[in-house]
Amino acid sequence: MNPYLNDFPILKEEHNGKRLVYLDNAATTQKPLSVIRAVDEYYRSSNANPHRGLYELSIRATQMYEDSRAAVREFIHAEKDCEVLFTRNASESLNLVAYSYGLNFMKEGDEIALPVSEHHSNVLPWQMVARAKGAKLVFLYPDKNGRLPQAELDKIGPKTKLVAVAHVSNVLGTVYPVEEIVRRAHKAGAVVVLDCAQSIPHYPVDVKKLDVDFAAFSGHKMLAPMGVGVLYGKEELLNQMPPFLTGGEMIESVSEQDATFAPLPQKFEAGTQNVGGAVGLAAAIDYLKQIGYDTIIKTEEELLSYALDGMAKIPHVTVYGDTRAGEQRCGVISFNVDGVHPHDVSSILDSDGVAIRAGHHCAQPLMQYLGVNATCRASLYFYNTKEDIDIFLASLKKVRGWLGLGD
Amino acid sequence: MGIENIYTQILTEHNNSSRNKHHIENPTAVLKGVNPSCGDEIELELREKDGVIEDAGFTGIGCAISQASASIMIDLIKGQTKEEALRLANLFFGMIKNEVTDESQLEDLDEAIALKDISHMPARVKCAVLGWHTLENAIHGERNPEKS
């Protein structure tokens, strides 16, 4: 019995008379009771508009919001609270960097380097910058195990001004060598934008040690509510950048024709913020700290290894990327069943209570590179069990039969 | 609702058959239909003469539901007038939206009735109607954009 299962109400309930086997954790994770309660408690007893009111309740809401920022700062090892900006999600964080840094600090002929496996949220903002500024996107292509060969990393060169990279690929599960990428980028005079939405739920992210210039992630993929995300940025860079969104709460003073802006972090937090979400994120961080990344990594590695071994024994199943578990491999498994479209695989698994993702996973350039239209994706978290994997494998074995195809 | 009501013999036979999945000779209309949520696309080809659909075929990639639905549709519309094809399309949409449930009304849909239970699978409705929507658009005169 997985000891953490009890903390997740949704995983204990039956859905259509079946136990939920939730293997879509790369899309979003389930929420532990402690997070649900923290949000509930905030709205019950501390809700007010932060940074505005002069009364006790507003001061408490402000305090809880800023405490959450401090919790994030400590968790990712940032130096200062003002380097932690709250956003809606990783997509908004990456757009903030593209609009505020990209459009103002890049020029014609500059290169933006990024792996072809990036999520659309770490591709489209850079396409926008490239179009607006005449910069060029340079793609790095992984090998069949999902790793980036040295020759591809060599594309980070003198013209590179920005490298956008995911810590962990949301399709292949590869852990990319961020430290080496940062070394090469900084040598070339480029900044590094790290998308750690897929890594921070599973691996420690130390922005100081990695020395990344920006890091983006979503709360909802790490047990927190939807609608709260984070952008970390080095203070020196954030200070040079103009605001992304303008309006309430982010100003110093406003006249008819002009405005001056608040210092960090308020400069980048226009409008009333998602305090309940930030409080939930802080509760999620507390929960993750209690379990500890060592336990999370160990549990997931065992489950991944068990799942990959089981899948290797099923005929007509192809796994993309590295087919072995290991340190550089996160619990994301993209696969296809010969002759069966991923959507059919997903519907058939769903009938056995197994939730997986099917489609292009917001990574169409990678799908084109892999030469597939879509894949199935099973993604693990520490609350999954061997029994989950057994149910998944048993259902997967039956898929071709449902489509009138043989073993 | 069980999966056995979806992945029926009719569906798998059409999905695994290439009877209607091919190019046709001298098509008068060629139109691509795309399901943006999954990236699936089919291309429908029709040859029409004096208001009658003489021949039809489709190519492309997609799930069993979209492929089988397109194949069943082609069986139904071949030899029919454009008006009859549109009537069948609307009847099919009505069935999939669960607006038309009377079996005697649905009779004209013949094998397509095998897709009835998809009305209970919101995530797959788009797959079932992809071919039919493409047909509707093609009959209304829509064509693939010129390749530049």
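Here is a short chat about the predicted model shown above.

Reader: Hi! Before I start, what kind of model is this?

Author: Hello! This is a predicted model.

Reader: Thanks. How is chain A divided into domains?

Author: The domain assignment gives two entries for chain A: domain 1 covers 5-30 + 292-402, and domain 2 covers 35-289.

Reader: And what separates their centres?

Author: Taken over C-alpha atoms, the centres of domain 1 and domain 2 of chain A are 28 Å apart.

Reader: How many residues of each domain are in contact?

Author: On the domain 1 side of chain A there are 26 residues, and they meet 27 residues of domain 2 of chain A. The elements giving two or more residues to that domain 1 side are α11 (293-312), β14 (332-337) and α13 (364-370) of chain A. Helix α11(A) supplies the largest share, four residues.

Reader: Nice. What about the classes of residue on that domain 1 side?

Author: The side of domain 1 of chain A that touches domain 2 of chain A holds 14 nonpolar, eight polar and four charged residues.

Reader: Switching to the sheet in chain A: what is the strand order?

Author: Seven strands of chain A make an open sheet, ordered β4-β10-β9-β8-β7-β5-β6, with mixed pairing. At the edges sit β4 (84-87) and β6 (136-140) of chain A, each pairing on one side only. On average, neighbouring strands of this sheet are turned by 20 degrees against each other, direction ignored.

Reader: Can we zoom in on β8 and β9 of chain A? Do they run parallel or antiparallel, and how many bridges join them?

Author: Strand β8 (residues 191-195) and strand β9 (residues 214-218) of chain A run parallel, and three bridges join them. In one pairing, V193(A) has F214(A) of β9(A) as its bridge partner.

Reader: Which strands does helix α4 of chain A touch?

Author: Helix α4 (residues 90-105) of chain A packs on the sheet and touches β4, β7 (160-166), β8, β9 and β10 of chain A. Its direction makes about 35 degrees with that of β10(A).

Reader: And where does helix α3 of chain A lie?

Author: Helix α3 (residues 56-76) of chain A lies across β4, β9 and β10 (229-233) of chain A, and runs at about 120 degrees to β4(A).

Definitions and conventions:
Residues are numbered from 1 along each chain as its sequence is written. Chains are lettered from A and ligands numbered from 1 in the order in which they are written. This is a predicted model: local features need pLDDT of at least 70, side-chain atom pairs count only at pLDDT 80 or more; totals for chains, interfaces and linings use all residues. Two strands pair if DSSP finds at least two bridges between them. Axes are lines fitted to C-alpha atoms, for helices over the stretch in contact, and angles run from 0 to 180 degrees between N-to-C directions. Two residues are in contact if their C-beta atoms, placed from the backbone, lie within 7 Å. Domain bounds come from an automatic or database domain assignment. Ala, Val, Leu, Ile, Met, Phe, Trp, Tyr, Cys and Pro count as nonpolar, Asp, Glu, Lys and Arg as charged, and the others, Gly among them, as polar.
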